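Hi there,

Here is the structure I promised to pass on.

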Amino acid sequence: MVPTRSACHLDLPAGRIVREFLPRPAIAPAVVWAFPAPQRTQLSNGIELMIFELPGQHVISAHLVLDVPLNAEHRDIEGVATICARTLDEGTLRHNGEEFAELLETEGAGFGVDLSLSGTQVVLDVPASHLDRALELFAEAVTEPSLADRDVNRHVQLRLAEIEQALANPAQAASIAFRAAVFNESKRAARMNGGEPQTVSQVTPDAVGAFHHDHFGPAGASLVLAGDFAEDPITVAERCLGSWRNDDQQRVMIEDPTPGPRRAVLIDKPGAVQADVRFGSFGIDRLDPRWAAISIASYAMGGAFLSRLNAVLREEKGYTYGVRMNLGPLHRGGSFAIQGSYRTEVVVDALAITRELINVDDAPFSSQEVNDAVAFFTGVSPLRYATAEGVADQAATQVLAGLPDDYVDRSLALLRSVTPEDATEAYRSIVHPDELTLVVVGDADQLADPIRALGFTDLEVRPPALA
Amino acid sequence: MWGMTSGALSKLGYPIVEHTLENGLRVISSPDHIAPSVAVNIWYDVGSRDEELGRTGFAHLFEHVMFQGSAHVASGQHIALLQAAGAVVNATTWFDRTNYFETLPTGGLDLALWLEADRMATLLDALTQENLDNQREVVKEEKRQRYDNVPYGDVMELLNTLTFPPDHPYGHTTIGSMEDLDAATLEDVHSFFQRHYLPNNAVLSIVGDVEPEDAFERAEIYFGRLRAGRKPGKPDARPLEPLSGMPRTEASDKVPADVVYFSWRLPARGSRDFDALDLALSVLGHGQTSRLHKHLVRGTEHAEGTGASAMGLIGGNSFGFSYARARDGVSPEQLEQEMSELIEQLVSDGPTDEELRRAKAQFERHWLHELARVDSRADALGEYATLHGNPHLINSRIAEITAIDDDELQSAMQQWFRPDQRATLIYRQDAS
């Protein structure tokens with residue numbers, strides 16, 4: 001509770017206030033808001049087109065969602081999807097490498113790719129007046145890229161260098177080790193989306209060409225366009241992408257991950273002043289009936305600024321810049337992790353406190369916690385989806401996860417129906433404090449024994465990630 | 001519906017209405033009814049450049065203390081109350097400013113203004129040694145997490161030191177040093193607050209689903225009761241000459257690749273010369289068609305990554321830098337030589353028409369993105385009102401950038417951006 005004081009203050013510092021104190025204002029009820037509904041149509045080749053008209057949004061956001069899950073990659077050359085996607089804008093059959101990028105950038109366009117386990121997105125941002133020309137170039141990159149040997153080989157080398165950079169960063173190294181532990185190692189989800197060094201180094205130009213030929217195509221694809229259009233977006237989309245065909249396109253079912261065995265891992269980083277910690281397990285996806293309840297529980301445990309974890313570990317103890325509980329929903333299944341970094345001297349105490357706090361057996365979630373979480377999720381939605389980028393990104397996410405167009409509205413309604421008992425029950429059915437996987441990246445000399453003494457007797461110490 | 005061609009959006013028309021309260025607080029309103037949300041943003045005209053010797057990092061530490069409660073708000077409750085009203089809340093500190101902001105459903109506007117006013121008025125009432133010590137630890141964890149425990153985390157500090165004299169307002173980083181953070185006292189917090197956190201040293205922007213008259217009335221209710229103070233003087237902002245003597249330094253650590261960094265002193269933001277150099281750095285190192293990427297990543301394949309950027313600052317000079325990360329087997333000396341030649345070429349021949357057009361088009365997209373969201377638009381309004389005294393500039397930035405011609409660009413480069421006006425940092429892989 002916030003302390004309130006009497007209405008008049010004569011003891012305030014001299015000079016600051018000239019009139020009496022005002023009581024804390026109440027919050028006026030929120031205006032009803034709904035996620036925008038797309039206009040849906042199909043291009044003549046079957047690509048599902050979703051148009052969001054958003055007045056005042058002068059930068060158009062286009063997301064082409066391709067039905068290319070990462071488990072379409074052959075196990076020996078994982079990373080091939082990433083190399084393929086990254087080489088798309090290095091030149092097309094009509095425009096060589098430098099020329100292509102120059103044309104696109106002259107239109108003021110930004111081109112990007114985003115690979116997730118359930119599909120590949122190719123993304124274009126461009127001022128509305130340049131959409132026509134930019135989408136034409138975008139379509140060229142997707143449908144007829146050169147994928148030249150030299151470009152593919154360079155992207156393989158750059159990806160290998162990128163992995164080195166990631167492993168040298170303790171937060172990234174912790175997340176990489178965490179996914180490898182939480183998911184069953186036979187599943188694609190256990191390994192980096194961009195591929196691991198052993199398989200990336202096996203990716204050849206032929207393999208990239210074959211991957212594009214076999215998997216890139218209009219079947220199962222959706223194009224999301226959002227913004228304040230200067231011309232009819234359906235005509236533009238049809239002209240640029242409506243005639244794309246690939247009769248050889250192979251579609252692959254998305255692989256559902258399964259849990260890996262519980263583990264405790266310490267990756268040595270000699271001399272590190274901090275340790276990065278991930279503590280979590282296998283989780284659920286957005287279609288699970290417990291999703292709304294676990295979202296609220298997770299916010300109360302480690303999402304809000306004064307969440308149970310952050311209130312103690314940051315605001316009371318000063319052990320960390322911030323600790324969070326994150327949910328990582330996949331197409332089916334997922335993961336959750338409590339993550340933070342702590343100075344070496346207090347890591348073990350932070351872990352002990354975390355283990356106590358995440359046990360809610362004697363501390364069920366309160367109606368205040370549930371109300372605050374609902375108010376937060378409800379309140380941030382209108383702004384999050386007020387831009388072309390925000391709407392298109394969410395719509396594409398929904399396509400990949402197999403969710404309906406009114407998912408945001410439905411999920412907010414579901415959140416509002418969650419009771420404290422629901423939140424506690426869902427949390428307890430998913431978070432089993434004694435069965436969580438632990439990953440620490442830190443100074444093993446100082447940390448290994450005390451972590452074992454905490455009860456992680458099976459702690460496995462690994463050498464530094466970066467040789 | 002799409003009959004209108006937006007054409008070149010060189011003249012934007014975001015509505016901007018200004019009003020100054022009697023106590024000097026500048027209030028800016030920009031109504032936008034796209035969503036039932038409002039962004040509240042306060043820029044205080046104080047940043048790390050205002051710090052005293054021996055107190056580096058203090059402006060940022062102070063920003064943390066601002067969340068530890070005030071006369072009518074308990075510690076941590078500023079964010080907790082706002083989040084429970086559906087707000088996204090944060091604050092940042094940089095060389096030239098400290099900004100505090102929240103975006104939330106319009107029904108929470110009064111709460112946001114009340115909370116901001118309460119801490120502007122009565123922060124010191126709630127200040128305790130315990131709160132200060134706790135946030136000192138939190139800030140030290142932030143420094144470890146973002147700078148000390150990550151590869152290349154000290155680059156910013158090394159480049160600052162190379163580019164500005166140690167006693168210059170930009171000669172140290174915003175995060176500061178552990179020693180100085182340890183040295184900060186309650187008295188420092190008191191005097192910093194009394195000196196800088198004044199209604200007449202702040203700009204309040206209210207952007208979103210609220211009309212200007214309404215915004216001004218509410219600002220008056222909550223902030224009108226605060227008294228003005230003496231506006232603090234600003235640190236010495238006389239422009240320094242471009243760097244001379246080609247200062248250089250080396251660092252080594254367990255990093256995955258050798259990296260070469262160049263830095264330059266540039267003119268202060270708000271000048272055509274700065275805008276011209278911003279474009280020049282974009283041509284040099286922004287995006288796939290930039291010269292560094294084209295020649296070093298794609299061409300010779302000697303670099304795994306390159307970049308260049310201008311960081312606009314208001315106090316006499318700005319800061320510009322470029323970098324290239326070496327591929328395995330390429331020496332940083334070789335990369336340095338190649339970077340230097342590319343820059344020399346750019347300075348002597350200037351960019352091509354196409355390159356200049358691309359740099360301007362990329363700026364346009366970036367700027368439109370910036371203004372598309374009510375929260376970042378509120379921040380831009382505070383920025384241009386605080387640093388340039390004119391929030392309306394956000395509507396003319398694209399036109400200003402578009403108007404820069406090749407001659408201006410060349411003359412700005414000749415004056416500020418020659419290879420011999422750079423500082424060099426070589427960051428080496430520690431082999432041990």
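Let me start with the domains of chain A: the centres of domain 1 of chain A and domain 2 of chain A, taken over C-alpha atoms, are 29 Å apart. Please keep in mind that this is a predicted model. The domain assignment places domain 1 of chain A at 39–241 and domain 2 of chain A at 264–462. Where they touch, domain 1 of chain A contributes 28 residues and domain 2 of chain A contributes 27 residues.

On the domain 1 side of that contact in chain A, two or more residues each come from strand S2 (48–53), strand S3 (59–66), strand S5 (119–127), helix H5 (170–182) and strand S6 (222–227). H5(A) gives the most to this side, with 9 residues. Sorted by class, the side of domain 1 of chain A that touches domain 2 of chain A has 18 nonpolar and 10 polar residues, and no charged residues.

Next, the contact between the chains. It takes 77 residues from chain A and 78 residues from chain B. On the chain A side, the elements giving two or more residues include helix H2 (97–106), helix H4 (149–168), helix H10 (308–316), strand S10 (334–343) and helix H12 (367–384), and S5 of chain A is also among them. H12(A) has the largest share of that side, 8 residues. By class, the side of chain A that touches chain B has 39 nonpolar, 20 polar and 18 charged residues.

I also picked out two helix pairs for you. In chain A, helix H9 (residues 291–302) and H10(A) pack at an angle of about 15°, and their axes are 3 Å apart. At that angle, H9(A) is therefore roughly parallel to H10(A). A:Ala300, A:Met301 and A:Gly302 of H9(A) make the contact with A:Arg308, A:Leu309 and A:Asn310 of H10(A). These contact residues divide into 3 nonpolar, 2 polar and 1 charged.

In chain B, helix H1 (residues 58–65) and helix H4 (residues 129–148) pack at about 120°, with axes 9 Å apart, so H1(B) and H4(B) are oblique to each other. Their crossing is right-handed. From H1(B), the residues involved are B:His60, B:Leu61, B:His64 and B:Val65, which meet B:Asn131, B:Leu132, B:Gln135, B:Arg136, B:Val138 and B:Val139 in H4(B). The contact of H1(B) with H4(B) has 5 nonpolar, 4 polar and 1 charged residues.

Best wishes

Definitions and conventions. Residues are numbered from 1 along each chain as its sequence is written. Chains are lettered from A and ligands numbered from 1 in the order in which they are written. This is a predicted model: local features need pLDDT of at least 70, side-chain atom pairs count only at pLDDT 80 or more; totals for chains, interfaces and linings use all residues. Axes are lines fitted to C-alpha atoms, for helices over the stretch in contact, and angles run from 0 to 180 degrees between N-to-C directions. Helices (H or I, at least four residues) and strands (E, at least two) are DSSP runs, numbered from the N terminus. Angles under 35 degrees count as roughly parallel, over 145 as roughly antiparallel, 65 to 115 as roughly perpendicular and the rest as oblique. A crossing is left-handed if the near helix is turned anticlockwise from the far one by less than a right angle, and right-handed if clockwise. Two residues are in contact if their C-beta atoms, placed from the backbone, lie within 7 Å. Ala, Val, Leu, Ile, Met, Phe, Trp, Tyr, Cys and Pro count as nonpolar, Asp, Glu, Lys and Arg as charged, and the others, Gly among them, as polar. Domain bounds come from an automatic or database domain assignment.
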